[in-house]
Amino acid sequence: MIGKLRYALMFLVCLTGCTQQVMPWERGFLAKPQMQLDTDPERSKIMKHTFSSKEAATGGYGVGGGGCGCN
Amino acid sequence: MQAKQFKLFVLFVLSFYSAISSALEVGASLPNCHLKKMADGSELNLQATGKVLYVDFWASWCGPCAQSLPFLEAVNEEFKNKNFEVIAVNLDEVREDADAFLKQHPVKLTTAVNADGQCPEVFGVQAMPSSYIIDRKGKVRHIQLGFNLSEKAELKQKIEKILAE
């Protein structure tokens, strides 16, 4: 039992690494364009618009509506 | 035995949270901070200036900082003869980023870096940019978190009021 508890404690101690707070002044690297999930928001907006028109679906991006894609 | 181990573990985990810094408050004394001027690398002592200081923490990646620096430049030019100085402390992780930014947005005001990285923690910077107006007695009189162009007039009024004391 104590052995299992020891492993559980070791596992939980590893999780404390997740509690590290990124301070406001430490976000320089996170703010770089290559760190963004979407590197080209303009292009991706157009692609989504085209996709929704061609497929008659919104593509599951959480945006309502479909439409003809003509506007 | 297990209860004791558990208590020890809880204390151990909580010790990680104790490292989180507390923010400076209005009325507090100006903390000691190790700064060097970006222009020539000379030491910059905030304690011994005898001026009203506007200490601004900025970084090249911070959008509102690019808006605040021209305002601070203008304020510095306007009030520098009244014992007022803006000190713009750069917090970039890479010095070259700051230099490139200043090439694009040149300013005449005093820019500084904090080589040991303790300064923002000592001040308890909570947002970028964060600014602290320090009066002649070395007391924090106003803390500005973030920057909005609509707050320019209000900030200028606060500076004028402290300068008039």
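B:R141 is partly exposed, with a relative accessible area of 30%. Here buried means under 20% relative accessible area, exposed over 50%, and partly exposed in between, with a 1.4 Å probe and protein chains only. The model is predicted, so that local features need pLDDT of at least 70 and side-chain atom pairs count only at pLDDT 80 or more, whereas totals for chains, interfaces and linings use all residues; side-chain values use heavy atoms, and hydrogens and water are left out. Residues are numbered from 1 along each chain as its sequence is written, and chains are lettered from A and ligands numbered from 1 in the order in which they are written.

B:R141 takes part in a salt bridge with B:D135, with 3.2 Å between the closest N and O atoms. The term denotes a side-chain nitrogen of Lys or Arg within 4 Å of a carboxyl oxygen of Asp or Glu. B:D135 is buried at 9% relative accessibility. A salt bridge also pairs B:R141 with B:E165, where the closest N and O atoms are 2.7 Å apart. This pair links distant parts of the chain, from B:R141 in strand β7 of chain B to B:E165 in the segment after α5, 24 residues apart. B:E165 is exposed, at 52% relative accessibility. Through shared partners, the salt bridges join B:D135, B:R141 and B:E165 into one network.

Helices (H or I, at least four residues) and strands (E, at least two) are DSSP runs, numbered from the N terminus. Read from that terminus, the order of elements in chain B is α-β-β-β-α-β-α-β-α-β-β-α. Chain B has 165 residues, of which 42% count as buried. A contact means heavy atoms within 4.5 Å; among the contacts in chain B between residues at least 6 apart in sequence, 71% join residues at least 24 apart. The chain exposes about 8700 Å², and carbon and sulfur atoms supply 53% of that area. Accessible areas come from the Shrake-Rupley method with a 1.4 Å probe, and for residues only the protein chains shown count as cover.

Helix α5 of chain B (residues 152–163) precedes the segment that holds B:E165. B:L155, B:I159, B:I162 and B:L163 are the buried residues named in α5(B). Viewed down the axis of α5(B), the buried residues fall within an arc of 100°, so they line one face of the helix; the arc is that of the directions from the helix axis to the C-beta atoms. An α-helix has 3.6 residues a turn, so residues three or four places apart point the same way. The face turned away from the buried side carries the exposed residues B:A153, B:Q157 and B:K161. The cover over the buried residues of α5(B) includes β3 (52–58), α2, β4, β6 and β7 (140–145) of chain B.

Two disulfides are counted over all chains, a disulfide being a pair of cysteine sulfur atoms within 2.5 Å. One joins B:C33 to B:C119, with an S to S distance of 1.3 Å. This pair links distant parts of the chain, since B:C33 lies in the loop between α1 (2–17) and β1 (35–37) while B:C119 lies in helix α4 (residues 119–123), 86 residues apart. B:C33 and B:C119 are both buried. The other disulfide joins B:C62 to B:C65 at 2.2 Å, S to S, and is right-handed, with 85° about the S-S bond. B:C62 is buried at 3% relative accessible area, and B:C65 is buried at 0%.

Two backbone features also deserve attention. Most residues other than glycine have a negative phi, and most peptide bonds are trans. B:N83, although not a glycine, has a positive phi of about 65°; it is located in the loop between α2 (63–79) and β4 (84–90). A cis peptide bond joins B:M128 and B:P129, with omega about -5°, and B:P129 belongs to the loop between α4 and β6 (130–134).

Finally, one of the salt bridges crosses between chains. The side chains of B:D97 and A:K32 meet at 3.4 Å, N to O, from helix α3 (residues 95–104) of chain B to the loop between α1 and α2 of chain A. B:D97 is partly exposed at 26%, as is A:K32 at 25%. A:E26, in the loop between α1 (2–15) and α2 (41–55) of chain A, touches A:Q21 and B:E93, not counting residues up to four places away in sequence.

Methods
The expected span of a helix is 1.5 Å times one less than its number of residues.
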